[in-house]
Amino acid sequence: QKFFYPHPLPPTSIDMIDDMYWTTPNTSLNKYNAFPFDEELCAKHTRDLILQEADQGNVVIVGRGAVVLLADHPNTLHVSIFAPQTYRLDTLIKRYGLSTQEAGRRLQTVDLYRAHFVKRHYQANQEDPSYHHLLINSGKIDIESATQIILETAENKQVHKTWLQTIGLLS
């Protein structure tokens, strides 16, 4: 996120740790231009890393167009967790103490940049439901229930594949 556009939200402790690791110790430089950055090269490395991790298996990959990149990858479960705009706005306001207007602006910025990244690097719309096996509305389903649904779906998907392989319909 920090390399493709400015932080849309106040930094967290994880951001501060990232900053210590990724930026040079020269405090006179802005952390976003502390070293030459090549977006295309970074996107290529990101794609390579996603594919490498997916091939090794037993991994959860969040964002960066992975749902598009791994659309036809075997043994994957693509889940989209979304919420209505009002729920997302309320969450930002409560979590960061933002005004309604500022929360709306930041939410729109994040959504636009995420969509732009996938469109630019994968020529796709990651919001297209056909990329996903499962869509979960976190504004209506609590995290514990969503987790249970995802785990059960993953188990059933694996059983289904194993059964199809057993009867010879899948190699």
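Which residues does His73 touch, not counting residues up to four places away in sequence? They are Ala54 and Asp55. Before we zoom in, note that this is a predicted model, in which local features need pLDDT of at least 70 and side-chain atom pairs count only at pLDDT 80 or more, while totals for chains, interfaces and linings use all residues. Residues are numbered from 1 along each chain as its sequence is written, and side-chain values use heavy atoms, leaving out hydrogens and water.

**View 1. His73 sits in the loop between helix 3 and strand 1.** Helices (H or I, at least four residues) and strands (E, at least two) are DSSP runs, numbered from the N terminus. With a relative accessible area of 18%, His73 is buried (under 20%; exposed is over 50%, partly exposed in between; 1.4 Å probe, protein chains only). Its side chain and that of Asp55 are joined by a polar contact of 2.7 Å (a pair of N or O atoms within 3.5 Å; within protein, one must be able to donate a hydrogen and the other to accept it, and residues adjacent in sequence count only if both atoms are side-chain atoms).

**View 2. Thr76 lies in the loop between helix 3 (66-69) and strand 1 (79-82).** Thr76 counts as buried because its relative accessibility is 12%. Look for its side chain reaching the backbone oxygen of His73 at 3.0 Å. Leaving aside neighbours within four places in sequence, Thr76 is in contact (heavy atoms within 4.5 Å) with Leu70, His133 and Lys157.
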